[in-house]
Amino acid sequence: NSRRTMAICTRTSAGLPLAACLTFMAMIVFCASPSAAFVNSGKMAVPKTRDASAATCSKTKMSLRSDGEGEVVSWSLDRRSFSQAALGAAALAFTKPSAADAKEKAGAWAKHDGPFSAEELSGFTTTPSGLQFKDIEVGTGPVPVPGQKIKAHYAGYLQANGKKFDASYDRGQPLAFKVGTGQVIKGWDEGLLSMAVGGKRVLLIPSELAYGKRAVGGGLIPADSVLVFYVELVTLAA
């Protein structure tokens, strides 16, 4: 089999497609010795050794030479091995996350376990109505106006014991409603009308701005409950 020696691609090098660069980088990770200490040379991650060395992947017949300081000198690989290894590495490198993974990641910021600590319930801004809010991430999109339909993700907890009673993140579907029209509890209307799309906020809602004297959800939310909502303004809907 003929062999080719190719110069390693850098961020600014020309002539080597980006996909090929990324594929080779993935191959380095999979083929290099697990015990090697990896360093980022500014070009790609390679095994660092005290002396000039070569790391060889027996399955793909790949040879990688470094100069001992994390800089790649050259690599060579026969065509057949490259084709087989590239397909496998590219498949792993570019595999899209599953819907479950995406849902888990989206709601990670709103996860909470156990009773709320004093620190978690500090740093809030209190409005004249008694609503308290704390911005986790300020949105950069438009701000809704009363009567406008929006979509918002949320996770709701009882302030008394930290127990979760509902979360749109668990369903993977944001709640759509017309904000400022009484379709949701008062604390939600007020809290979301001052948010911009993309924003994430924690709302501490007193019972009078939530369900008051009513117990709802089959007892999930007792009467006179103070609620903690993690809310994310996803988009303005038509």
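Ile205 touches Leu131, Ile185, Gly187, Trp188, Ala210, Ser225, Val226, Leu227 and Phe229, leaving out residues up to four places away in sequence. Contact here means heavy atoms within 4.5 Å. Ile205 belongs to strand β12. Its relative accessibility is 0%, so Ile205 counts as buried. Buried denotes under 20% relative accessible area, exposed over 50%, and partly exposed the range in between (1.4 Å probe, protein chains only).

The model is predicted: local features need pLDDT of at least 70, side-chain atom pairs count only at pLDDT 80 or more, and totals for chains, interfaces and linings use all residues. Residues are numbered from 1 along each chain as its sequence is written, and side-chain values use heavy atoms, with hydrogens and water left out.

The protein chain contains five helices and 13 strands. These are DSSP runs numbered from the N terminus (helices H or I, at least four residues; strands E, at least two). Of its 238 residues, 38% are buried. Among contacts in the protein chain with a separation of 6 or more, 60% join residues 24 or more positions apart. The accessible surface is about 13600 Å², and carbon and sulfur atoms hold 55% of it. Areas were computed by the Shrake-Rupley method with a 1.4 Å probe; for residues, only the protein chains shown count as cover.

The largest nonpolar core has 25 residues. Such a core is a set of buried Ala, Val, Leu, Ile, Met, Phe, Trp, Tyr and Cys residues joined through side-chain atoms within 4.5 Å. Trp188, Leu192, Ile205, Leu227, Phe229 and Val231 touch the most other members. At least two residues of this core come from each of β9, α5, β12 and β13. Another core, of twelve residues, lies apart from it and includes Phe124, Tyr157, Tyr169 and Val228.

Helix α5 spans residues 186-193, and Gly187, Trp188, Asp189, Gly191 and Leu192 are buried in it. Their cover includes β9 (149-158), β11 (175-178), β12 (200-205) and β13 (227-236). Beyond its neighbours within four places in sequence, Phe229 contacts Tyr154, Ala155, Gly156, Phe165, Ile185, Trp188, Arg201, Val202, Leu203 and Ile205.

Ser168 lies in helix α4 (residues 168-171). Ser168 counts as buried because its relative accessibility is 0%. Its side chain reaches the backbone nitrogen of Tyr154 at 2.8 Å. Residues up to four places away aside, Ser168 touches Ala152, His153, Tyr154, Gln173 and Pro174.

Note on methods: Polar contact = N/O pair within 3.5 Å; in protein donor to acceptor, adjacent residues only side chain to side chain.
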